[in-house]
Amino acid sequence: MTKFVGKSMKKLDGVDKVTGAGTFTSDMVAPGMLFGKILRSPHPHAKVLKVDTHEAEKLLGVKAIIYRGNVPSNTYNSMAAMVMAVPFVKPILDQQIFSEKVRFVGDEVAAVAAISEKIAEAACKLIKVDYEVLPAVFDIKGAMAPDAPEIHDPELTPVGKNILAEFSMPNDAVDKAFEDADVIIEEEFNINIVKHFQLETQAALAVVAPNGKVTVHSTTQSPHSAKAILAKVFHIPASKIRVANPPYVGGAFGVRAGLSAKAEIMAMALSMAVKKPVRVVYSREEDTIASDTRHGAVLHVKLGARMDGKFVALDLKGYTNTGAYASYAAEVQGVLGGMMGTEYKIPAVRYYGHAVYTNCTHAGAMRGFGAPQANFATERVVDMMAEKLGIDAKELREKNIIKAGESWPLPYPCSSSELGECIKRAAESIGWERRGNLNSDSSHIKRGLGMAIGTYVSNAGPTSLTMTMPMWRYNLMVP
Amino acid sequence: MTITVNFRLNGEAVEVSCVPDKMLVDLIRDNLELTGTKIGCREGECGACTVIMNGEAVNSCLIPVAKVMGKEIQTIEGVVDKDKLHPIQEAFIDKGAVQCGFCIPGVIMSAKALLDKNKTPDKDELREAISGNICRCTGYVKIEDAINQASSVMSETIVKGGGDER
């Protein structure tokens, strides 16, 4: 034990990474390897009427072109949720390799394998696509409106227009509890979409052997899930597919908690078509427009407190913009709602939320997985409450934070918490007592001090946390 | 049409025939098969492709090959001295400045271009030198710590191949 515990250990992959010797997907080559490029939709919402590859096929160096019609059309979900959901939760399968409709600017329409990336790119430009452009919607409320365009088959959105997942923690006691409140703060927050910008873009190298076995080297952060998803997409046994990191992955932050957007699928489909290794590396632009984002959200928060600062009720409605495809739509909703009631001891808490399709880039997992959106909104309201009550923002938090042994909305006890100590030390280290006295009247640059607390589920793979909360119609499995 | 480009790479003379619109990063990665230099954006924003050209840190994705003619280029592969890591490389491991590692070759090249010229940079000079390198994992604090450690080591010892050998 003492050999390692309490010691600063050198990173095992340190030498590989500081010498440039470590390989990432975009460094991988295979004998006879071809280069894949993807033709993407310029429209946010359109029917794909016809894909004409005639001219592109004639270009010297083009080896294969795939489009809807010459590849499988099994439906799937690009994230681990597809293969790791608890048995009674039905994963949302709303993607195909190429769909009849494109649903965001950047949606895949066709792909080319050629002897160079340049030729593959030139061939993509020669593919003629007939689109029937459809009305598009980008904001959450607009997408739920009665006159909004249907982005997916209404069978996928039984709850309401473009609503693909609902998560609720009903609590009838909340309305009554607000009657005991001396002060109520009610605010709505519009939270923007955020992108991971992990340094290595989505990439995959697929090698299809003559015996049908497939090896995929990719940027996935979940090789086992990726393998299971690919087996479903191509309808071949998972035992025939091997997914591996090469071995390093240039960051992820959630964006590839399953597949690396469509990199693995495109490389594999092209490789199967041409019977040669194919490598697909997204450009930064492709990565930005066509891989998961953090969910934009509209959060409605209502917090009630008594004059002494004690919180009595919290009511939150959360709407997340999941973009064109589900990815981790329902799961992010679950964490968003599930985490917000776990910081403070509040007698009555209620959550109601929807994940909503729009014609934006699909949203999914990103650092915090719904918790940052919820924490931001609730913490802003706590600050507003402090101001209204005339109580110091730190004191108000200390008065209300959850302590070990107290009840909270999660289905297991809060067995320990050092949140109070955290707040105390953080306040000391930033000199909280200076708050409000940092600026002289004459200074043009104004400085301020603030604090916020947050909470998040913690776990380790492959599946370490299963939360089953049938009373709230809520199940969550975190890969 | 191809052109022939002659330059020195990591201390050795090289001659490469390639198309004239090729960028240095592709020449290094594809023609010369040195994949330590990474591509993160291809537009000079992220710094993952940073190499040292005649003593200056440059984004190799923005350098057309014709501009490399007769130049002295150093990539991450040329930083290690046989089996011995450079003090900057040692410091990055010691200080835990490496996480996913994709930006690291570029950051090390920017740091090396700085320390080769100025072994005791102040905080502003250090930050200026790595301002063109985006790292999404570390938050830069440990990268700064590592460069400061390397600065201390290098200002006390003469490093072979480390530029200034006075």
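Guide: In chain A, helix 10 (residues 329–340) and helix 11 (residues 371–389) have axes that come within 8 Å and cross at roughly 40 degrees. Helix 10 of chain A is therefore oblique to helix 11 of chain A. (Angles under 35 degrees count as roughly parallel, over 145 as roughly antiparallel, 65 to 115 as roughly perpendicular, the rest as oblique.) Helix 10 of chain A passes helix 11 of chain A in a right-handed crossing (the near helix is turned clockwise from the far one by less than a right angle). Helix 10 of chain A brings A:Val335, A:Leu336, A:Met339 and A:Met340 to the contact, and helix 11 of chain A brings A:Ala371, A:Gln373, A:Ala374 and A:Thr378. Contact requires C-beta atoms, placed from the backbone, within 7 Å. These residues divide into 6 nonpolar, 2 polar and no charged.

This is a predicted model: local features need pLDDT of at least 70, side-chain atom pairs count only at pLDDT 80 or more, and totals for chains, interfaces and linings use all residues. Residues are numbered from 1 along each chain as its sequence is written, with chains lettered from A and ligands numbered from 1 in the order written.

Now the reference pair. The axes of helix 7 (residues 223–234) and helix 8 (residues 263–274) of chain A come within 11 Å and cross at roughly 50 degrees. That crossing is right-handed. A:Ala226, A:Leu230, A:Val233 and A:Phe234 of helix 7 of chain A meet A:Glu264, A:Ile265 and A:Met268 of helix 8 of chain A. By class, that contact has 6 nonpolar, no polar and 1 charged residues.

Terms used
Axes are lines fitted to C-alpha atoms, for helices over the stretch in contact, and angles run from 0 to 180 degrees between N-to-C directions. Helices (H or I, at least four residues) and strands (E, at least two) are DSSP runs, numbered from the N terminus. Two residues are in contact if their C-beta atoms, placed from the backbone, lie within 7 Å. Ala, Val, Leu, Ile, Met, Phe, Trp, Tyr, Cys and Pro count as nonpolar, Asp, Glu, Lys and Arg as charged, and the others, Gly among them, as polar.
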